[in-house]
Amino acid sequence: MRFWIRESGFLEMELNDTGLKNFRTLEQENIHEPSPRTIFWRRVFGHWGVIIGAFVLILILVFAMTAPLLTPHDPYDQVLTRRLVNPIWHADGTWTHPLGTDGMGRDYLSRLLYGARISLLIGISAMVISGLIGSTMGLLAGYFGGRIDTVVRFLLTVRLAMPVVLVALAVVALVGGSLKVVILVLGFLIWDRFAVVMRSTAQQVRSMDYVNAAIAAGCSTFRILLTEILPNVMNNLIVVATLEMARAIILEAALSFLGLGVQPPLPSWGLMVSEGKEYMFFSPWLITIPGVALFMLVLSINLLGDGI
């Protein structure tokens with residue numbers, strides 16, 4: 001009697017009634033493991049927070065980019081005879097101004113969509129500036145250690161001792177509020193989380209075998225930092241970037257609300273809330289609409305970062 005037994009796809013044996021006759025090793029079967037990209041996309045599409053956050057964020061991006069096509073009115077045009085027109089859900093609302101007009105007679109839908117551009121521009125720009133500063137400092141401190149780490153920790157301690165809002169208020173009050181000033185001030189003030197996360201992750205990664213192999217192979221320090229360490233800490237960097245982007249948008253809205261951020265007539269959402277507070281008892285939608293838009297933008301960014 002002769003039959004074949006295959007064990008785990010690696011060994012094939014021929015048996016008969018007298019016992020083992022011969023055996024031979026088989027080539028390992030091709031086992032297709034999912035790639036890191038496949039694992040990432042499965043994780044993304046399996047997380048409802050990522051889906052909802054990405055959908056809302058993409059929707060806001062599309063509205064901001066197509067604002068000139070969606071709004072027939074200029075966000076800076078003032079028509080004093082059309083002041084405080086109610087939105088369409090009121091009995092006297094009109095489709096000419098679907099979200100009504102503000103106290104200067106400017107179309108509120110136009111200012112809301114153009115305001116999304118301002119918020120996204122400030123959030124992305126401040127995040128990029130702070131990310132470059134904090135990531136560079138944290139990467140160098142985590143990899144080299146020693147005196148560089150001591151200097152970075154000292155700068156980090158100094159930065160954490162300064163309240164962001166008060167320092168931003170003081171600087172903007174001295175220099176003057178403008179779009180560029182707000183971006184630079186926020187970019188130079190919110191780099192601390194990047195530095196902390198990058199320093200701790202770089203310290204963990206530098207002891208890995210592939211980093212030691214690159215050092216033994218004679219790779220330069222710049223190449224090791226750029227090709228071995230940075231790609232392996234990118235996930236943490238992306239999460240911190242989304243949090244800091246949302247933080248920058250909130251800080252800009254706070255500064256604009258206090259009159260020290262983006263200056264009129266730019267349609268900043270924080271500035272729109274500040275201008276609408278005078279009419280909050282008679283036209284509360286002047287505060288509610290930009291407030292809800294700001295809430296949805298920050299929430300979508302946080303959901304996206306949390307899921308990633």
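A pocket here is an open set of grid points with protein on both sides within 12 Å along at least five of seven lines, and its lining residues are those with an atom within 4 Å of a point. Keep in mind that this is a predicted model.

With that in hand, let's start at the second largest pocket. Its lining counts 17 residues, and Ser 135, Thr 136, Leu 139, Met 198 and Leu 230 are the ones nearest its centre. Two or more lining residues come from each of H4, helix H8 (192–205), helix H10 (221–229) and helix H11 (234–257). H4 gives the most, with eight residues. The space inside comes to about 260 Å³.

Now move to the largest pocket, with a volume of about 330 Å³. Helix H4 (108–144) turns up here too, and along with helix H2 (48–65) and helix H13 (285–307) it supplies at least two lining residues. Closest to the centre of this pocket sit Ile 60, Phe 63, Leu 112, Leu 113 and Ala 293, out of 14 lining residues. You won't find any polar or charged residues in that lining: the 14 are nonpolar.

Around it are Val 164, Val 165, Ala 168, Leu 186, Leu 251, Ala 254 and Leu 255. Helix H6 (164–175) and H11 each give two or more residues to this lining. The seven residues around the cavity are nonpolar, with no polar and no charged ones.

Technical notes:
Residues are numbered from 1 along each chain as its sequence is written. This is a predicted model: local features need pLDDT of at least 70, side-chain atom pairs count only at pLDDT 80 or more; totals for chains, interfaces and linings use all residues. Side-chain values use heavy atoms; hydrogens and water are left out. On a 1 Å grid over the protein atoms alone, a cavity is a set of points where a 1.4 Å probe fits but cannot get out, and a pocket is an open set with protein on both sides within 12 Å along at least five of seven lines; lining residues have an atom within 4 Å of a point. Grid points are joined across faces, edges and corners, and a volume is the space filled by probe spheres set on the points. Helices (H or I, at least four residues) and strands (E, at least two) are DSSP runs, numbered from the N terminus. Ala, Val, Leu, Ile, Met, Phe, Trp, Tyr, Cys and Pro count as nonpolar, Asp, Glu, Lys and Arg as charged, and the others, Gly among them, as polar.
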